[in-house]
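Student: Hi! Could you walk me through this one with me? I'd like to take it piece by piece.

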Amino acid sequence: MADAAPPPSKRKRELAAAGAEASGTEDETAKVAGVGNGTSAPAHFPFSGFKVKKVLRESARDKILFLHGKVNEASGDGEDAIVILEKTPFQVDQVAQLLMGSPELQLQFSNDIYSTYHMFPPRQLSDVKTTVVYPATEKHLQKYLRQDLHLVRETGSDYKNVTSPYLESQSLSIQWVYNILDKKAEADRIVFENPDPSDGFVLIPDLKWNQQQLDDLYLIAICHRRGIRSLRDLTAEHLPLLRNILREGQEAILQRYQVKGDRLRVYLHYLPSYYHLHVHFTALGFEAPGSGVERAHLLAEVIEHLERDPEYYQQRTLTFALRADDPLLKLLQEAQKS
């Protein structure tokens, strides 16, 4: 088994398969040593002349904005791109230094002991996490567009007769997952690896975590074994893999980040955002996207269910949310009417 790798270096990866949400926030200075990665080298967008066409989605609470734009129009008809802008979490030590100094302020409101200001921080405290999807397809645009959600209850029969055939008909590329597993990409970001081809996995920071603090710690365990698409495929055969992910993932996070297992939420998504088995490790106090009861299934409970009934997830009715424009929603609704 490989030892935990040195602190990973930061890189952008297309979020096409990383879920429809993004968010961010993390812990005390003593625990954050070695958490950060990234580089100060200057960089450039992979396109020129981003012209905003539409705001796909925004959240004042999460301080995030999804923009659709046209790029490279000077050299032709232009191409579609998506830019996601997200305010990064505060770092207590840097903010403390700012407040001890003389920050630039504009008074907005004052009444008795209460006052409100606009503060203009220096460059090192005003960065914006920027994620680029380029070139963007219509599927990407629809994915990030805000739409109403509908809860559906999928029986085991629904999965076999509707969901699974629908997924087979879709061109859902996960080559980027195989690139990670084969060390063709992001090898320097791997925190831990069990190289066993059947029961092993790699543990890697999720791109929604900037690794500057621990409050929003977020890592993903991606299994080496191919052909396990989701929770529905799991049987007792996969228990050694699942136990390895739970135990060794928690141990690796404790070693690297000094966060104990009882401070972690370890779960699978159903439906997942991409169809190669992976497990989410997030800080317990962090309201991570997709951690709600309609999507998240705690790994410890998944293991317990399979120990009691090897075919539990082939038979159980599972509840999840689908966007109003998702073709699968209509297919399931029609199947359940008949």
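Student: Where is glutamate 294 found?

Tutor: Glutamate 294 sits in the loop between strand S12 (278-283) and strand S13 (296-298). Helices (H or I, at least four residues) and strands (E, at least two) are DSSP runs, numbered from the N terminus. This is a predicted model, in which local features need pLDDT of at least 70 and side-chain atom pairs count only at pLDDT 80 or more, while totals for chains, interfaces and linings use all residues. Residues are numbered from 1 along each chain as its sequence is written, and side-chain values use heavy atoms, with hydrogens and water left out.

Student: And what does glutamate 294 touch?

Tutor: Leaving out residues up to four places away in sequence, glutamate 294 touches Leu151, Tyr270, Thr319, Phe320 and Ala321. Contact means heavy atoms within 4.5 Å. The C-alpha atoms of glutamate 294 and threonine 319 are separated by 6.0 Å, with the two residues 25 residues apart along the chain.

Student: How does glutamate 294 count by relative accessibility?

Tutor: Glutamate 294 counts as partly exposed, because its relative accessibility is 33%. Buried means under 20% relative accessible area, exposed over 50%, and partly exposed in between (1.4 Å probe, protein chains only).

Student: Tyr270 was on that contact list. What is the peptide bond from tyrosine 270 to leucine 271?

Tutor: That peptide bond, from tyrosine 270 to leucine 271, is cis, with omega near -5°. Leucine 271 is placed in the loop between strand S11 (264-269) and S12. The bond from tyrosine 134 to proline 135 is also cis, with omega near -5°. Proline 135 lies in the loop between strand S6 (128-133) and helix H3 (138-144).

Student: Now serine 230: buried or exposed?

Tutor: Serine 230 counts as buried, because its relative accessibility is 2%. Its place is in the loop between strand S10 (218-223) and H6. Not counting residues up to four places away in sequence, serine 230 touches Tyr159, Tyr270, Pro272, Tyr275 and Leu277.

Student: Where is histidine 238 found?

Tutor: Histidine 238 is in the loop between S10 and H6. Histidine 238 is buried, with a relative accessible area of 5%. Leaving aside neighbours within four places in sequence, histidine 238 is in contact with Arg225, Ile228 and Asp233.

Student: Changing topic, how many residues are in the largest nonpolar core?

Tutor: The largest nonpolar core has 64 residues, and Leu203, Leu217 and Phe281 have the most contacts inside it. A nonpolar core is a set of buried Ala, Val, Leu, Ile, Met, Phe, Trp, Tyr and Cys residues joined through side-chain atoms within 4.5 Å. Helix H6 (residues 239-257) gives the most to this core, with 8 residues. Apart from it lies another core, of 10 residues, among them Ile64, Phe66, Val133 and Leu145.

Student: What is leucine 203 in contact with?

Tutor: Beyond neighbours within four places in sequence, the contacts of leucine 203 include Val191, Phe192, Ile220, Ala252, Ile253 and Phe281.

Student: How do H6 and H7 pack?

Tutor: H6 and helix H7 (residues 299-308) pack at an angle of about 155°, with their axes 10 Å apart. Axes are lines fitted to C-alpha atoms, for helices over the stretch in contact, and angles run from 0 to 180 degrees between N-to-C directions. H6 and H7 are therefore roughly antiparallel to each other, a label for angles over 145 degrees.

Student: Which residues meet there?

Tutor: Leu239, Leu242, Arg243, Ile245 and Leu246 in H6 meet Leu299, Ala300, Val302, Ile303, Leu306 and Glu307 in H7. By class, the contact of H6 with H7 has 9 nonpolar, no polar and 2 charged residues. Here Ala, Val, Leu, Ile, Met, Phe, Trp, Tyr, Cys and Pro count as nonpolar, Asp, Glu, Lys and Arg as charged, and the others, Gly among them, as polar.

Technical notes: Parallel < 35°, antiparallel > 145°, perpendicular 65-115°, else oblique.
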